[in-house]
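Subject: Structure handover

Hello,

Here is the structure we talked about. Please open it alongside this note, and the findings follow below.

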Amino acid sequence: MTFRERYGPWALVAGASVGLGEAFARQLAGRGVNLLLIGRRQDILDHLAVGLRAAHGIDVRTLAMDLARPDLKTMAR
């Protein structure tokens, strides 16, 4: 059984713009899991999404959101 079969075809990664979140997104993409990337910087998320799509042939969606804000304003793409 593959990782994707065991855990499902999609994963949500919060804090995906940099650091551990980005590393986690790269690892999941390498296992063929489609991703919803959440972070504060849309430009960084979009850049990461383009690279992951090209390298792994997965579907990647991005959502600019500051999880620390009480009103959770978003701009989905």
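In which sense do strand β1 (residues 10–14) and β2 pair, and over how many bridges? They pair in the parallel sense, over five bridges. Please keep in mind that this is a predicted model.

**The strands**

Start with β2, which covers residues 34–39. On one side, A14 stands opposite I38 of β2. β2 is also joined to strand β3 (residues 60–65) by five bridges, and these two strands run parallel. There, L37 has T62 in β3 as its bridge partner. The chain gets from β2 to β3 through α3, and this β-α-β crossover is right-handed. A right-handed β-α-β unit is also made by β1, helix α2 (residues 19–30) and β2. Five of the six residues of β2 are buried, so the strand is largely enclosed by the rest of the structure.

**N34**

N34 is found in β2. Its relative accessibility is 11%, and buried means under 20%, so N34 counts as buried. A polar atom of the N34 side chain lies 2.8 Å from the backbone nitrogen of D59. Leaving out residues up to four places away in sequence, N34 touches R4, P9, W10, A11, I58 and D59.

**Helix α2**

The buried residues of α2 are G21, A25, L28 and A29. Seen down the helix axis, they fall within an arc of 100°, so they line one face of α2. An α-helix has 3.6 residues a turn, so residues three or four places apart point the same way. The buried residues of α2 pack against α1 (3–7), β1, β2 and α3. The face turned away from the buried side carries the exposed residues L20 and Q27. Just after α2, G32 takes a positive phi of about 85°.

**Helix α3**

Helix α3 takes in residues 42–56. Its 15 residues should span 21 Å at 1.5 Å a residue, and the end C-alpha atoms are 21 Å apart, which agrees. Which residues of α3 are buried? They are Q42, L45, L48, A49 and L52. These residues cover an arc of only 125° around the axis, which puts them on the same side of α3. H47, V50, A54 and A55 are exposed, on the face turned away from that buried side.

**R53**

R53 also belongs to α3. R53 is partly exposed, with a relative accessible area of 35%. What does R53 contact beyond its neighbours within four places in sequence? The residues are I58, V60 and R61. With V60 there is a polar approach: the backbone oxygen of V60 lies 2.3 Å from a polar atom of the R53 side chain. R53 and N34 are 19 residues apart along the chain, and their C-alpha atoms are separated by 9.1 Å.

Best wishes

Key: Residues are numbered from 1 along each chain as its sequence is written. This is a predicted model: local features need pLDDT of at least 70, side-chain atom pairs count only at pLDDT 80 or more; totals for chains, interfaces and linings use all residues. Side-chain values use heavy atoms; hydrogens and water are left out. Helices (H or I, at least four residues) and strands (E, at least two) are DSSP runs, numbered from the N terminus. The expected span of a helix is 1.5 Å times one less than its number of residues. Buried means under 20% relative accessible area, exposed over 50%, partly exposed in between (1.4 Å probe, protein chains only). The arc is that of the directions from the helix axis to the C-beta atoms. A polar contact is a pair of N or O atoms within 3.5 Å; within protein, one must be able to donate a hydrogen and the other to accept it, and residues adjacent in sequence count only if both atoms are side-chain atoms. Contact means heavy atoms within 4.5 Å. Two strands pair if DSSP finds at least two bridges between them. A crossover is right-handed if, with the strands pointing away from the viewer, the path from the first strand over the helix to the second runs clockwise.
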